[in-house]
Amino acid sequence: MKLRKLSAATAILATGALVLSGCTPDGGNDDADGEETTNGASSGDAGMAEGQQFTTEPEDTGKADTDLETKDDEISVSLGETEFISYNGFTPESYSTYNSVVVNRVLEGFGYWGTDNVWYRNEDFGSYEVTSEDPFTVEYTIGEDVTWSDGTPVTVADYVLDWAYQNAELTNSDAEPLFNGISQTYGERVPEGPQGDPEGKTFTIEYTEPYADWEIMVNNALPAHVVAEQSDMELSELVTAIRDADTEALEPAAEFWNEGWFTDPGTLPEEELMPVTGPYKIDNWQAGESLTVSANEEYWGTGPGTERLVYRFVNDGQHVQALENGDLNVALPQATVDTRGQLERLQDQVVLHEGEAATWEHLDFNFNDGAFSDSLEMREAFAMCVPRQQIVSNLIEPVNPEATVLNARESLSFEDDYEDIVAESYDGTYDEVDVEGAREILEAEDAVGTEVRIGYSGPNPRRTDTVAEIKASCDEAGFEITDAGSEDFFAPGGALETGDYEVALFAWAGSGQVVSGQNIYATDRPQNYGGYSNETVDDLFNQLATTEDEQEQQELIVGIEQELWGDLFGIPLYVHPQLSGSDITISNVRDTASQDQIVWNAEQWQRAE
């Protein structure tokens with residue numbers, strides 16, 4: 001979802017996502033597994049907090065222009081208990097906030113999100129410019145010094161592979177996409193792929209028509225030379241096979257890309273399989289305890305401020321105590337009134353960062369199977385008994401007194417256009433709980449006693465409490481609500497992937513992308529986990545993707561919201577409050593509304609003298 005409109009001088013349109021997909025599920029801290037907040041991040045700059053220190057004062061919401069010497073030190077951070085999944089963070093199974101906070105420290109690209117979800121170009125890595133408006137064409141140039149940590153130059157070949165994994169036209173013998181990528185947008189919008197010498201540093205991409213989110217279409221890439229080697233191919237052969245759509249030749253490469261980088265807790269692929277372009281490399285993993293990234297000695301840019309960054313897998317209920325004990329230096333606990341009080345009591349030791357995250361909680365129906373799959377009436381009955389205001393009042397307002405029930409998906413409650421969009425798309429039908437009305441529907445459908453398993457990533461106290469609130473209300477209406485929270489809900493083969501639920505409870509961690517929702521709500525898209533399909537929604541998203549007119553964008557979003565409410569795709573709940581704590585001695589820690597969370601600039605963290 002779009003978070004902030006940029007001026008025409010800065011960028012054509014608001015843009016954004018970790019990859020060119022939609023949102024990333026955020027599952028734990030405020031917790032989703034997940035892609036996809038408004039024309040402003042929150043009140044004030046999310047990156048500024050009382051008491052924090054800087055080696056260089058930031059001039060804007062992007063990264064400060066620092067020139068740090070790497071200290072032989074380590075800084076410990078925790079965003080929850082969820083362990084690392086894959087060096088390849090671009091599959092549906094691995095595209096989560098938990099995975100991305102690691103991957104985005106080791107893989108660099110053409111841009112990044114600032115503290116308020118404004119997109120900043122990374123001109124150290126490379127540059128890009130529009131060279132033609134008709135056809136819409138963009139030229140990219142990778143920096144001459146930019147290399148993988150194994151010494152291999154980053155070249156056009158890497159970006160040909162980057163396009164291939166997002167190209168649904170490359171199919172196997174079952175007519176399914178060869179690559180299990182999180183997004184297919186690139187292949188759809190740029191059918192010919194990147195053009196340029198595979199061994200060179202410059203390539204162009206030509207769109208079939210203008211695209212609203214063009215600026216984030218290309219960012220970081222995975223190593224094509226590793227994929228080629230693991231497929232018994234020369235790099236030139238891999239590129240040729242992609243460009244010739246030789247799917248038979250590509251099958252081994254796709255198999256490795258899909259599966260070769262997945263991990264088991266504590267077990268990493270061989271180091272030579274994971275070269276990096278960023279300031280850190282993945283170094284050590286102690287299952288159930290921590291994952292360490294250490295300074296990339298071959299990094300072509302300014303080295304990190306600290307030699308080692310340690311991601312500790314700590315239950316967020318223990319974050320504040322760990323900060324107080326010094327076991328953690330930076331933490332992102334779940335935002336509760338108790339957490340706020342605990343952090344405030346440590347004001348001489350800990351900096352409190354607070355605001356609203358670009359993350360929103362929701363309940364999604366399973367359209368593939370089960371009681372709600374083909375019955376709008378059953379979905380309506382469930383929506384009528386979900387106590388949304390009670391959930392917000394009991395669980396969110398104690399942390400953020402300004403919190404409100406969320407009534408949209410493509411705009412969040414702190415965005416400038418939110419009120420206008422809601423006024424035109426939602427009539428207030430589900431503002432009040434109607435237990436009697438829900439029971440009448442269940443009786444008419446002969447469905448009293450229908451079990452509804454609400455799945456989510458646990459343990460998560462707030463989600464457990466949310467399900468308990470729903471159960472107290474909806475059981476009275478005639479449903480039988482079952483708490484189906486599980487540790488592996490988002491994991492490969494878990495309930496979300498297999499559809500083993502009636503309702504999924506999670507959050508989308510936002511992007512600044514105009515068209516991010518397409519990957520969630522459009523037919524057969526990778527993040528459309530519940531199997532929803534509506535031709536009107538598909539068409540409206542296609543129109544939204546090709547217009548740069550903000551008024552027209554808003555009108556199209558209104559139409560999308562009307563359809564999603566009419567079908568009851570799911571039920572939005574609230575925007576997440578956000579609290580983070582950092583040791584007062586750690587410089588340059590800045591919180592952010594974006595899905596990269598507080599580690600977005602971790603390479604600039606450094607302990608003060």
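Buried means under 20% relative accessible area, exposed means over 50%, and partly exposed lies in between, using a 1.4 Å probe and protein chains only. Keep that in mind.

This is a predicted model: local features need pLDDT of at least 70, side-chain atom pairs count only at pLDDT 80 or more, and totals for chains, interfaces and linings use all residues. Residues are numbered from 1 along each chain as its sequence is written, and side-chain values use heavy atoms, leaving out hydrogens and water.

Let's start with helix H12, residues 435-444. Helices (H or I, at least four residues) and strands (E, at least two) are DSSP runs, numbered from the N terminus. Which residues of H12 are buried? They are Val 435, Gly 437, Ala 438, Ile 441 and Leu 442. These cover an arc of only 165 degrees around the axis, which puts them on the same side of H12. The arc is taken from the directions from the helix axis to the C-beta atoms. Here is the background: an α-helix has 3.6 residues a turn, so residues three or four places apart point the same way. On the other side of H12, Glu 436, Glu 440 and Ala 444 are exposed.

What covers the buried residues? Helix H9 (376-385) and helix H13 (461-477) are included in the cover. Just after H12, Asp 446 takes a positive phi of about 50 degrees.

Now H12 against H13. Their axes come within 8 Å and cross at roughly 50 degrees. Axes are lines fitted to C-alpha atoms, for helices over the stretch in contact, with angles from 0 to 180 degrees between N-to-C directions. H12 and H13 are therefore oblique to each other. The cut-offs: under 35 degrees is roughly parallel, over 145 roughly antiparallel, 65 to 115 roughly perpendicular, and the rest oblique. Val 435, Ala 438, Arg 439 and Leu 442 of H12 meet Ser 473, Glu 476 and Ala 477 of H13. Contact here means heavy atoms within 4.5 Å.

On to the rings. The whole structure has 40 aromatic pairs. Rings of Phe, Tyr and Trp (its six-membered ring) pair if their centres lie within 6.5 Å; planes under 30 degrees apart are stacked, over 60 edge-to-face, the rest tilted. Phe 110 and Tyr 140 are edge-to-face, 5.1 Å centre to centre, with 65 degrees between the planes. This pair links distant parts of the chain, 30 residues apart. Phe 110 is buried, at 0% relative accessible area. Tyr 140 is buried, also at 0%.
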